Amino acid sequence: MTHFDLVIIGTGSGNSIPGPEFDGQSIAIVEAGLFGGTCLNVGCIPTKMFVHPAELADAARQGKNLGVDAQLNAVDWPGIRDRIFGRIDAIEAGGREYREGPENPNVTVFSGHGRFTGMKTLSVDLHDGSTTEITGDQFVLAAGAHAVIPDVPGLVDGAAPFHTSDTIMRIDELPKSIIVLGGGYIAAEFAHVFSSFGVQVTQIARGHQLLKSQDQDVAALFTTEAAKRYTVLLNTQVSEVRPADTGVELSVDGPEGAQTLRADVLLVATGRQPNAERLAVELTGVALDTHGRVVVDEYQRTNVEGIFALGDISAAHQLKHVANHEARVVKHNLKHPDALIASDHRFVPAAVFTNPQIASVGVTEHEAITRGIAYVSKTQNYSDIAAGWAREDHGHFLKVLADPATGLLLGAHAIGPEAATIIQPLIQAMSFGQTAHDVATKQYWIHPALSELVENALLGLPAPLDAPSASTSAN
Ligand SMILES: Cc1cc2nc3c(=O)[nH]c(=O)nc-3n(C[C@H](O)[C@H](O)[C@H](O)COP(=O)(O)OP(=O)(O)OC[C@H]3O[C@@H](n4cnc5c(N)ncnc54)[C@H](O)[C@@H]3O)c2cc1C
Ligand SMILES: NC(=O)c1ccc[n+]([C@@H]2O[C@H](COP(=O)([O-])OP(=O)(O)OC[C@H]3O[C@@H](n4cnc5c(N)ncnc54)[C@H](O)[C@@H]3O)[C@@H](O)[C@H]2O)c1
């Protein structure tokens, strides 16, 4: 049994903790899978590296509307895949080498699956087949989450072939058809990529809308636009998945009754569960909530002294920028027990990298109504600002919600070109407590840039003093 000052489990955002401040401390890093975690290897980065070529393919198809008659001749899947993972795998290998190398003499990397066996005692099943046990004064639980496989015959028992986001990006060839199970982020982004690459996509969602955690107007428009691009089956349940001659066969039940669907490939994208139970954190006394997340306070401390948690294992938002933020908080708090800093989860933004793109921050209109929050709102269409009009945008918009008494922003929800980039000034305004009026009027907005969407949305909000206390909206 080897003892360490600090044990970090997981090399996603957890790997950013060791630095010169920790030079005098012995550190164990435990990693069961690829070095660098989900975002780098199987998450944000590779998916967005597929999204960009998908956008290029879409642009070739759509250019004709504006007089550029381009043609999409072929999508070289193996070429795209190998370019992406050629770059990513090198970073993964470099990251591992760096931590194992002479630059980090105080760090020991354990390549294997860790599992608590007692108070601050971790057993690690190493990839060489041996097992080792380590203890630590302090622990950082940064072990992320894993894809949930629904309890459907053929899936849970592994009888039928299927992919998750962990494997789909490395398949050998572009399938002719794919069924995407799930209506959330991962399903939306992969349905977009495969559809743009010319694959026949069928997306199955059990709810009445895709991306139903978004503002309802955004989710409704996205669902309508997705259904124009590929087959979307809503209110549909899968009862069985079977292997077929060339792929898979699914029995589904929906508004059209029972039917059998076939495709070359099935992608299951039905949520991600924190890895806390797999790590047996309860054996070191760490409490979990009803979602299986590690419970942390605002300083990222668990209920056990000296054990911190960050990222997907404990966060309500499974997002890389949240995991990174929390890692910075944990890094500080490990070194400054008498001057702790708190995580800031007030305004967590997120984007879905689809076509159209979606971005959001703060409360949705539905949430404002159900929580009884007084608000005013303005929905600004892209087509009514110069850059949107010029590109003949149809139907896309930014909706902003503000407090009628103070003029402070409550939320922003965009669907349309560059939505993820466009809403950043609104995230900034919310974070720094700037009023909608000040943000709109006390700076220049570049003309004719897409950012004028934000300026016009804010100018369209009723002024705070004129506003009634009840909700008002301007469209
Ligand atoms: C397909 C996909 C696309 C995504 N796209 C985006 C995006 O565009 N933007 C965004 O903000 N977020 C995105 N996310 C979410 C983002 O990837 C995660 O929120 C983020 O990576 C979580 O970081 P983490 O450090 O908490 O965990 P991870 O990065 O998952 O790191 C945890 C590490 O712990 C290791 N581990 C787990 N259990 C053990 C154990 N018992 N012993 C040892 N090691 C263990 C794992 O192998 C893993 O390497 C995406 C996720 C997916 C799946
Ligand atoms: N662009 C981004 O920031 C990005 C991209 C991908 C993933 N992520 C993160 O990763 C998380 C996980 O993504 P996800 O898409 O797997 O989860 P999600 O929570 O976004 O969506 C899960 C979907 O699966 C459906 N579902 C759940 N159980 C089901 C079942 N038994 N049968 C059928 N459908 C079922 C849900 O109704 C929902 O539509 C996201 O919540 C997000 O935080 C972020």
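Which residues does the UniProt annotation "binding site" cover? In the unreviewed entry, the annotation covers Lys48, Gly114 and Asp312. These residues span 265 residues in sequence, and the farthest two C-alpha atoms are 30.0 Å apart, so they do not all gather at one spot. The views below come from a predicted model.

**Figure 1. Lys48 in helix H2.** Helix H2 runs over residues 44–62, and Lys48 is found in this helix. Is Lys48 buried, exposed or partly exposed? Lys48 has 15 C-beta neighbours inside 10 Å, so it counts as partly exposed. In the UniProt entry, which is unreviewed, Lys48 is one of the residues under the "binding site" annotation.

Figure 2. Is Gly114 buried or exposed? A residue is called buried when 20 or more other C-beta atoms lie within 10 Å of its own. Gly114 has 26 C-beta neighbours inside 10 Å and therefore counts as buried.

**Figure 3. The hairpin of strands S10 and S11.** Strand S10 takes in residues 237–244, and strand S11 takes in residues 247–254. The two strands pair in the antiparallel sense, over 7 bridges. How many residues lie between S10 and S11 in the hairpin? There are 2 residues between them. One bridge to look for joins Pro243 to its partner in S11, Val248.

**Figure 4. The hairpin of strands S11 and S12.** Strand S12 covers residues 257–263 and pairs with S11 in the antiparallel sense, over 7 bridges. S11 and S12 form a hairpin, with 2 residues between them. Which residue in S12 does Val252 stand opposite? Val252 stands opposite Gln259.

**Figure 5. The open sheet of strands S10, S11 and S12.** Strands of a sheet pair through backbone hydrogen bonds, and the pairing is either parallel or antiparallel. Here the open sheet has 3 strands in the order S10-S11-S12, and the pairing is antiparallel. Which are the edge strands? The edge strands are S10 and S12, because each pairs on one side only. From one strand to the next, the twist averages 20 degrees.

Definitions and conventions: Residues numbered from 1 in each chain as written. Chains lettered and ligands numbered in written order. Predicted model: local features only at pLDDT ≥ 70, side-chain atom pairs only at ≥ 80, totals over all residues. UniProt positions renumbered as here; feature names shortened; annotations may be inferred. Helix = DSSP H or I, 4+ residues; strand = E, 2+ residues; numbered from the N terminus. Buried ≥ 20, exposed ≤ 12 C-beta atoms within 10 Å, placed from the backbone. Axes fitted to C-alpha atoms, helices over the stretch in contact; angles between N-to-C directions.
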